[in-house]
Amino acid sequence: MHGAAEWFCSRWSSDNSVFLPSGLRAARMPHRTIHLFRKGLRLHDHPALLAALESSEVVYPVYILDRKFMTSVMHIGALRWHFLLQSLEDLQKNLCRLGSHLLVIQGEYEPVLRDHVQKWNITQVTLDAEMEPFYKEMEANIRCLGEELGFEVLSVVGHSLYDTKRRCRPPDLDLAECYRVPLPADLKIPPESISPWKGGETEGLQRLEQHLADQGWVASFTKPRTIPNSLLPSTTGLSPYFSMGCVSVRTFFYRLSNIYAQAKHHSLPPVSLQGQLLWREFFYTVASATPNFTKMAGNPICLQISWYEDAERLHKWKTAQTGFPWIDAIMTQLRQEGWIHHLARHAAACFLTRGDLWISWEEGMKVFEELLLDADYSINAGNWMWLSASAFFHQYTRIFCPVRFGKRTDPEGQYIRKYLPVLKNFPSKYIYEPWTASEEEQKQAGCIIGKDYPFPMVDHKEASNHNLQLMKHVREEQYRTAQLTRDDTDDPMEMKLKRDHSEENVTKAKTARMTEQT
Ligand code: FAD
């Protein structure tokens, strides 16, 4: 019998990767343990039994059939006796299957325990914590016996969902006063900006519920069809809440699963809402395995590029003075509100890096880190590498046009008018390129280009064509690095954009001609 019980213990303990929670693993101690079954006549989900196995070199699975105790405290009818004995029989069989045995000992529990603790050199008794007074009294008596004989008693809640004894008291009011959340002024942070985003779980959950209430929208969500320059977010706008952990991505994921389960059809990753969370997971996974993920130097997946160092140009981009209204409106929204649509991020990032200014993605990432409410170590760096074609993204010949990109979804330029009011009186045909308006038309719009709003800081055609050649050269030179993050599946966002003419797909043969048309 002992051998079987010991084998049972060692077998389960050695299998701890499957069976034992990691938190318990650290506390390993070589006890000799009686696990006392009272209720809890099962092997699955048994915290007290797990604790016994984890902390012991030997575990004796014991059931003390104390008829005197049972009949004095419970009124057990014949049916329940049968049920109990069948349960013990089943437990015995299940233990047997694992090479062990249930040791059923008849007699009064105190003398039985006293006897066997001494006989087996027991140092610990484990049992389920129960709430009935008679079981509590039993536990108290066992604890007294433990003090007398020198064994420990470990009781763990396993019969109810919650520990019914546990009460969590709020801190004293005095403490709360001393440790209050500081005001922005206490930290010398400028007064609240006009950002429409409000922090916190309550706000985040409200936003989540609002979106989930529209099950049709959720089921058919297709990221490339969302609009970068809508005046209200066309995607969930949950990123600040995920980023700060005010809303759980797991909650969101499973709520989405429930909606999908009820829908006749629903979109799929990578373009579905669950797909968006998988992108998040993707960047987290790569970032966790990549040294220097947020830097170019020492980052094994990132192309090593001699970007220009140009503080003045960087400043113009950052402060919305590029002279391209689409880019400047995006950077204004970012600065004022702390959130911009994914495709707006594409436009701004491409412009700064491989598209127009050839400035390092690290500089852009730092600006986003400062200004985004949802700034995130892995996602920010990952997407900046993507957009600058430093890693992950390989269709580098596709360069966003800072004039045509925004026009498709907002031909009237409402978005630009909102964020760049200086341009609001230009007719729609000039709103994306106001420098093409005549002097007279500029006067009528109340905005003189070069005075009230800057001229474009670069000639996009020229700059993008030049940068394309630079990038081509880098990628040929560093072919191996470029291949590291290559995946045959194309980025769905890019494919949709390509179809919608918001960018150029310049094939090798067409490079020269196409860039001229940009
Ligand atoms: P939804 O489309 O509603 O998606 C739901 C959630 O999925 C998002 O909240 C986000 O957690 C996740 N998600 C969506 N798109 C992506 C993506 N491409 N990569 C990873 N996760 C995604 N997102 C951040 O959360 N923090 C950043 O710092 C960040 N920096 C970015 C920098 C650049 C240059 C680019 C191009 C994208 C960046 N993104 C970042 C990714 C993406 O733009 C935002 O997650 C998204 O726009 C947030 O809006 P949403 O919550 O409405 O997204």
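Which element gives the most to the shell around the ligand? In this predicted model, α14 does so, with 6 residues.

**The ligand and its surroundings**

The ligand is surrounded by 29 residues, the closest being Thr-235, Thr-236, Gly-237, His-342 and Asp-374. Sorted by class, this shell comprises 15 nonpolar, 9 polar and 5 charged residues.

| Residue | Protein atom | Distance to a ligand nitrogen atom |
|---|---|---|
| Gln-276 | N or O atom in the side chain | 3.4 Å |
| Arg-280 | polar backbone atom | 3.4 Å |
| Asn-383 | N or O atom in the side chain | 3.4 Å |

On its own, the ligand has 820 Å² of accessible area, and the protein covers 99% of it. Two or more residues of the shell come from each of the elements α12 (239-243), α14 (273-289), α17 (342-355) and α19 (377-387).

**The parallel sheet**

The model also contains an open sheet of 5 strands, paired in parallel and ordered β3-β2-β1-β4-β5. At the edges stand β3 (103-106) and β5 (152-157); each has a single partner strand, so one side of each is left without a neighbour in the sheet. On average, neighbouring strands of this sheet are turned by 30 degrees against each other, with direction ignored. In general, the strands of a sheet pair through backbone hydrogen bonds, in either a parallel or an antiparallel manner.

The pairing of β3 can be described at the level of residues. Strand β2 (residues 56-65) is joined to β3 in the parallel sense over 4 bridges. Ile-64 has Ile-105 of β3 as its bridge partner.

Helix α4 (residues 47-55) lies across β1 (31-37), β2, β4 (124-129) and β5. Relative to β2, helix α4 runs at about 145 degrees.

**Backbone geometry in two loops**

Most residues other than glycine have a negative phi, and most peptide bonds are trans. Two places in the model depart from these patterns. The peptide bond from Pro-269 to Pro-270 is cis, its omega being near 10 degrees. Pro-270 is located in the loop between α13 (249-262) and α14; α14 is also the element that gives the most residues to the ligand shell.

Ala-320, although not a glycine, has a positive phi of about 60 degrees. Ala-320 is found in the loop between α15 (311-318) and α16 (325-337).

Note on methods: Residues are numbered from 1 along each chain as its sequence is written. This is a predicted model: local features need pLDDT of at least 70, side-chain atom pairs count only at pLDDT 80 or more; totals for chains, interfaces and linings use all residues. Side-chain values use heavy atoms; hydrogens and water are left out. A residue is near a molecule or strand if one of its heavy atoms lies within 4 Å of it. A polar contact is a pair of N or O atoms within 3.5 Å; within protein, one must be able to donate a hydrogen and the other to accept it, and residues adjacent in sequence count only if both atoms are side-chain atoms. Accessible areas come from the Shrake-Rupley method with a 1.4 Å probe; for residues, only the protein chains shown count as cover. Ala, Val, Leu, Ile, Met, Phe, Trp, Tyr, Cys and Pro count as nonpolar, Asp, Glu, Lys and Arg as charged, and the others, Gly among them, as polar. Two strands pair if DSSP finds at least two bridges between them. Axes are lines fitted to C-alpha atoms, for helices over the stretch in contact, and angles run from 0 to 180 degrees between N-to-C directions. Contact means heavy atoms within 4.5 Å.
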